[in-house]
There are 2 protein chains.
Amino acid sequence: MKKFLILLAAALLPFQAFAQQAIFLSEGVRSPQVNEDNSVTFRIHAPKAVKVEVTGDCIESDNGGWGRAELTEGEDGVWSLTTGPLDSELYSYAFIVDGMQMLDPSNVFLMRDVRSLMNIFIVPGGKGDFYEVCKTSHGTVSKVWYDSPSLGMQRRMTVYTPAGYEDSGSRRYPVLYLLHGMGGDEDAWMTLGRATQILDNLIAQGKAEPMIVVMPNGNAGLPSAPGEGPEGLYQPMTRPMKTMEGSYEAAFMDIVKYVDSHYRTVKKKSGRAIAGLSMGGFHSFHISKQYENTFDYVGLFSAAVREMENGGSGVYADFDAKIARQFGNGLKLYYIAIGKDDFLYQENVRLREYLDQHGYPYEYVESDGGHIWRNWRVYLTDFAQRLFK
Amino acid sequence: MKKFLILLAAALLPFQAFAQQAIFLSEGVRSPQVNEDNSVTFRIHAPKAVKVEVTGDCIESDNGGWGRAELTEGEDGVWSLTTGPLDSELYSYAFIVDGMQMLDPSNVFLMRDVRSLMNIFIVPGGKGDFYEVCKTSHGTVSKVWYDSPSLGMQRRMTVYTPAGYEDSGSRRYPVLYLLHGMGGDEDAWMTLGRATQILDNLIAQGKAEPMIVVMPNGNAGLPSAPGEGPEGLYQPMTRPMKTMEGSYEAAFMDIVKYVDSHYRTVKKKSGRAIAGLSMGGFHSFHISKQYENTFDYVGLFSAAVREMENGGSGVYADFDAKIARQFGNGLKLYYIAIGKDDFLYQENVRLREYLDQHGYPYEYVESDGGHIWRNWRVYLTDFAQRLFK
């Protein structure tokens with residue numbers, strides 16, 4: 001008897017019925033739809049709703065934050081709205097149905113920003129193209145646990161190795177240490193920051209040198225992002241924060257040592273950059289002057305720096321002397337970027353005044369907008385092209 | 001003039017006001033809350049709602065699928081429900097507010113199953129403990145792009161290397177190839193399957209051998225999971241599927257060759273296992289007999305196998321002869337697991353009859369329940385302990 005064990009497509013028909021989790025399936029509703037003219041159509045099936053709105057950074061607002069716009073109900077209970085043409089960008093949004101905010105049932109693509117989940121889409125044809133996964137070679141992204149003797153714990157970080165790293169024999173690569181902001185974690189630059197896509201695309205286009213990118217967790221009180229450590233599935237920002245009291249900066253060489261001993265790195269100053277956004281800019285500022293001959297490239301993106309008259313202890317002590325040594329040793333690029341509307345703008349004015357007074361050279365980029373990921377993606381795209389050349 | 005640049009906590013107060021994306025923040029609402037007696041309390045702030053329900057696999061139902069239960073409105077518009085004590089498990093759920101299904105605004109932890117997003121929580125004290133990130137050493141999880149000459153594309157897979165891999169010199173490790181089901185992808189076993197946590201915990205407890213786990217993408221028509229490839233942010237299941245027509249199975253040795261040339265593997269049959277769920281069981285079944293001397297361990301979890309009288313082409317041809325060679329060569333474990341209520345139960349009865357008729361040895365595990373991840377996590381936990389010993 002000739003037998004053949006194979007699954008027919010028909011045998012999987014019960015699969016649909018059985019996928020009891022398939023609860024958000026909005027059959028036939030396409031949302032968001034990016035149209036030919038770069039306008040975007042949002043749709044949601046909400047036959048019982050009285051009012052449906054979309055809120056997001058793709059909707060104009062008075063204060064630079066998320067705007068709101070009402071959708072119109074059509075036949076079959078599908079509400080819709082088409083925006084005007086949008087600039088090329090990665091956008092975030094959510095729906096508000098009769099006052100309740102909710103994700104788009106037709107869009108499975110999300111980002112988490114601290115405690116908030118939001119849907120995303122990309123409008124192509126400009127800088128948004130840097131955030132797409134393009135038809136090119138891709139780097140490897142790893143979630144790595146390393147030992148931090150200084151903090152007395154195993155900690156988690158994200159490591160990007162560029163395309164070709166695995167097959168390049170003994171070739172050594174420079175390293176960018178890329179730090180997140182308050183409430184962020186070792187996942188933030190890869191999700192909100194699209195760092196994988198930016199680096200893949202810049203390297204493939206020959207605009208940036210192939211480099212390793214190391215994204216640690218900047219909260220020294222915890223080992224990892226929420227839900228990724230032994231603390232369990234807790235609400236973000238409800239656990240102890242040790243973020244700007246010096247212990248993370250003091251322990252930073254644990255990370256550099258791990259990376260230099262586990263990856264084929266250029267183990268010298270000319271092969272190291274450090275950059276961060278907001279609190280990560282604060283960390284980059286202090287770490288780079290504490291280990292004053294370690295990084296040839298420093299990037300402060302919307303950095304949380306503040307001028308004060310009094311001193312501090314640990315890594316914060318001897319500010320003037322440390323920064324004098326750092327600039328006395330020389331470095332290739334000290335890069336400051338901020339948006340005109342950033343709430344930390346004045347602090348960065350005073351930082352630049354301080355550097356100017358002492359004749360410490362830096363490059364300055366001023367953009368539109370405020371304290372938002374849209375700017376930090378642009379700063380990373382710019383900064384990465386200036387490194388290791 | 002002594003100056004010190006530091007950020008005060010106060011300087012970040014505008015951060016909250018500025019985090020315009022912090023839209024789902026439900027201050028003061030804790031949900032879900034796992035109580036001392038393993039009951040769970042759900043809460044949601046919905047002051048305008050008329051009816052609020054929770055649906056999930058934590059709520060009893062008649063058909064083994066997701067049940068539903070109504071929440072009660074309390075003061076301040078917070079609705080709540082406390083279940084009875086639950087078994088230790090990873091559970092999934094969502095809310096239904098006046099007929100609209102939505103995620104829990106107080107819970108950022110999600111899983112995607114094909115096109116569905118759902119919140120998750122873990123009840124500890126039993127098998128749920130295997131799904132927690134425990135205080136132990138952790139393996140590295142990497143998203144790796146490999147070249148598949150047979151399919152003519154770069155493809156993405158997930159690779160787990162066990163704790164200590166990076167620091168173990170020339171030590172070689174066995175490899176488990178772990179395959180997903182229809183509509184799944186290279187992320188599924190790590191998210192829905194909690195494979196990282198299961199392997200970390202089993203290895204740390206000495207119950208499983210340290211092993212590499214390779215999780216490829218079983219749709220040969222696409223390079224990667226939705227949103228992770230050059231197709232952009234498309235809705236899952238709306239792109240071409242090449243899943244059970246033989247090309248994935250025929251190209252499988254591209255993966256084995258990549259893994260054997262890029263990781264310190266035991267490059268022989270005794271160091272290789274292959275297992276999968278549903279469609280991944282179908283793939284494991286056919287791959288293991290096609291490359292009949294490659295895998296010493298085969299795991300079919302709720303496998304999509306179907307008995308037919310007619311033959312097939314390519315990897316599906318010469319069924320009887322291939323399986324005869326596979327068992328003739330000998331293998332250490334042929335493992336079949338399925339739930340009593342699985343819609344593929346009868347197909348697996350017939351598979352076992354076929355193996356019995358020919359005297360091909362296998363181990364059989366029959367569980368309660370149907371075609372669900374809850375079972376596949378248990379099968380992986382069991383199967384992994386039997387490998388490479």
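A:Cys58 is buried, at 8% relative accessibility. B:Cys134 is partly exposed, at 26%. The disulfide count over all chains is zero. The model is a predicted one.

**Helix H3 of chain A: burial**

- Helix H3(A) spans residues 195–204.
- H3(A) is mostly covered, with nine of its ten residues buried.
- The buried set consists of A:Ala195, A:Thr196, A:Gln197, A:Ile198, A:Leu199, A:Asp200, A:Asn201, A:Leu202 and A:Ile203.
- These buried residues pack against strands E12 (140–148), E13 (153–161), E14 (175–179) and E15 of chain A. They also pack against helices H2 (188–191) and H9 of chain A.
- A:Gly206 follows H3(A) and has a positive phi, near 75 degrees.

**A:Thr196, a residue of H3(A)**

- A:Thr196 lies in H3(A).
- A:Thr196 counts as buried because its relative accessible area is 11%, under the 20% cut-off.
- Beyond its neighbours within four places in sequence, A:Thr196 contacts A:Val141, A:Tyr160 and A:Met190.

**Packing of H3(A) on H9(A)**

- Two packed helices are described by the angle and the distance between their axes.
- Helix H9(A) covers residues 373–384, and its axis comes within 10 Å of the axis of H3(A).
- The two axes cross at roughly 30 degrees.
- The crossing of H3(A) past H9(A) is right-handed.
- From H3(A), the contact is made by A:Ala195, A:Ile198, A:Leu199 and A:Leu202.
- From H9(A), the contact is made by A:Arg377, A:Leu380, A:Thr381 and A:Ala384.
- By class, the contact residues are six nonpolar, one polar and one charged.
- An α-helix has 3.6 residues a turn, so residues three or four places apart point the same way.

- Strands of a sheet pair through backbone hydrogen bonds, either parallel or antiparallel.
- Strand E2(A) (residues 33–34) and strand E3(A) (residues 40–45) run antiparallel and are joined by two bridges.
- A:Gln33 has A:Thr41 as its bridge partner in E3(A).
- The hairpin of E2(A) and E3(A) has five residues between the strands. In this hairpin, A:Asn38 takes a positive phi near 65 degrees.
- E3(A) is also joined to E7(A), by five bridges, and the two run antiparallel.
- A:Thr41 has A:Thr82 as its bridge partner in E7(A).

**A:Thr83, in the loop between E7(A) and E8(A)**

- A:Thr83 sits in the loop between strand E7 (78–82) and strand E8 (89–97) of chain A.
- A:Thr83 is buried, at 13% relative accessibility.
- Not counting residues up to four places away in sequence, A:Thr83 touches A:Ser39, A:Val40, A:Phe42 and A:Ile59.

**The four-stranded sheet of chain B**

- Chain B has an open sheet of four strands in the order E2-E3-E7-E6, with antiparallel pairing.
- Strand E2(B) (33–34) and strand E6(B) (72–73) stand at the edges. Each has a single partner strand, so one side of each is left without a neighbour in the sheet.
- E2(B) pairs with strand E3(B) (residues 40–45) over two bridges, in the antiparallel sense.
- B:Gln33 stands opposite B:Thr41 in E3(B).

**A:Ile323, in helix H7(A)**

- A:Ile323 belongs to helix H7 (residues 319–329) of chain A.
- A:Ile323 is buried, with a relative accessible area of 0%.
- A:Ile323 touches A:Phe285, A:Lys289, A:Tyr354, A:Leu355 and A:Tyr360, leaving out residues up to four places away in sequence.
- A:Ile323 and A:Tyr360 are 37 residues apart in sequence, and their C-alpha atoms are 9.1 Å apart in space.

**A:Glu231, in the loop between E15(A) and H4(A)**

- A:Glu231 is found in the loop between strand E15 (212–215) and helix H4 (247–250) of chain A.
- A:Glu231 is partly exposed, with a relative accessible area of 22%.
- Leaving aside neighbours within four places in sequence, A:Glu231 contacts A:Leu222, A:Pro223 and A:Arg239.
- A:Glu231 and A:Ser284 are 53 residues apart in sequence and 27 Å apart in space, C-alpha to C-alpha.

Methods:
Residues are numbered from 1 along each chain as its sequence is written. Chains are lettered from A and ligands numbered from 1 in the order in which they are written. This is a predicted model: local features need pLDDT of at least 70, side-chain atom pairs count only at pLDDT 80 or more; totals for chains, interfaces and linings use all residues. Side-chain values use heavy atoms; hydrogens and water are left out. Buried means under 20% relative accessible area, exposed over 50%, partly exposed in between (1.4 Å probe, protein chains only). Contact means heavy atoms within 4.5 Å. Axes are lines fitted to C-alpha atoms, for helices over the stretch in contact, and angles run from 0 to 180 degrees between N-to-C directions. A crossing is left-handed if the near helix is turned anticlockwise from the far one by less than a right angle, and right-handed if clockwise. Ala, Val, Leu, Ile, Met, Phe, Trp, Tyr, Cys and Pro count as nonpolar, Asp, Glu, Lys and Arg as charged, and the others, Gly among them, as polar. Two strands pair if DSSP finds at least two bridges between them. A disulfide is a pair of cysteine sulfur atoms within 2.5 Å.
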